[in-house]
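Could you walk me through the charged pairs, the helix packing and the surface of this model?

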Amino acid sequence: MDEIYPPDVPNDDPDRFIRCQDALHLDFAALVDRAVAAGWRADEVLTTIIELADNHGLMLAANADIEAALSILKKRP
């Protein structure tokens, strides 16, 4: 896998999401191809990636909630 190129636009740029897709597309396609070559069906691979992304997003949100709660607790006397 090649190095993923970093964002070249500010956070509020309307094209940032598309540029992120461009940065990840080749590695994503290579991952799908590797999984299919290993014997998984493409639909299984894509469904699994969606599920993994969803679970990862939920984990990041939960971690942010925990960090916020810890920050409040640390400020208490």
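Q: How many salt bridges does the count come to?
A: This is a predicted model, where local features need pLDDT of at least 70, side-chain atom pairs count only at pLDDT 80 or more, and totals for chains, interfaces and linings use all residues. Residues are numbered from 1 along each chain as its sequence is written, and side-chain values use heavy atoms, leaving out hydrogens and water. A salt bridge here is a side-chain nitrogen of Lys or Arg within 4 Å of a carboxyl oxygen of Asp or Glu. By this rule the count comes to three.

Q: Which residue meets D8 in a salt bridge?
A: Side chains of opposite charge can pair when their charged atoms come close. For D8, the N to O distance in the bridge is 2.8 Å, and the partner is R19. The pair links distant parts of the chain, 11 residues apart: D8 sits in the segment before α1 (16-37), and in helix α1 is R19.

Q: Is D8 buried or exposed?
A: Buried means under 20% relative accessible area, exposed over 50%, and partly exposed in between (1.4 Å probe, protein chains only). D8 has 54% relative accessibility, so D8 counts as exposed.
For D8, then, the word is exposed.

Q: At what angle do α1 and α2 pack?
A: Helices (H or I, at least four residues) are DSSP runs, numbered from the N terminus. Axes are lines fitted to C-alpha atoms, for helices over the stretch in contact, and angles run from 0 to 180 degrees between N-to-C directions. The axes of α1 and α2 are 9 Å apart, and the angle is about 130°.

Q: Which residues make the nonpolar surface patch of about 260 Å²?
A: Patch residues have over 30% relative accessible area and no salt bridge, with nonpolar side chains (Val, Leu, Ile, Met, Phe, Trp, Tyr) joined within 5 Å. One of the patch members, L70, lies in helix α2 (residues 42-75) and has a relative accessible area of 37%, so L70 is partly exposed. The patch is made by I66, L70 and L73.

Methods: Patch = residues over 30% accessible without salt bridge, like charges linked within 9 Å, V, L, I, M, F, W, Y side chains within 5 Å. Areas by Shrake-Rupley, 256 points an atom, 1.4 Å probe, with all protein chains shown as cover. Helix = DSSP H or I, 4+ residues; strand = E, 2+ residues; numbered from the N terminus.
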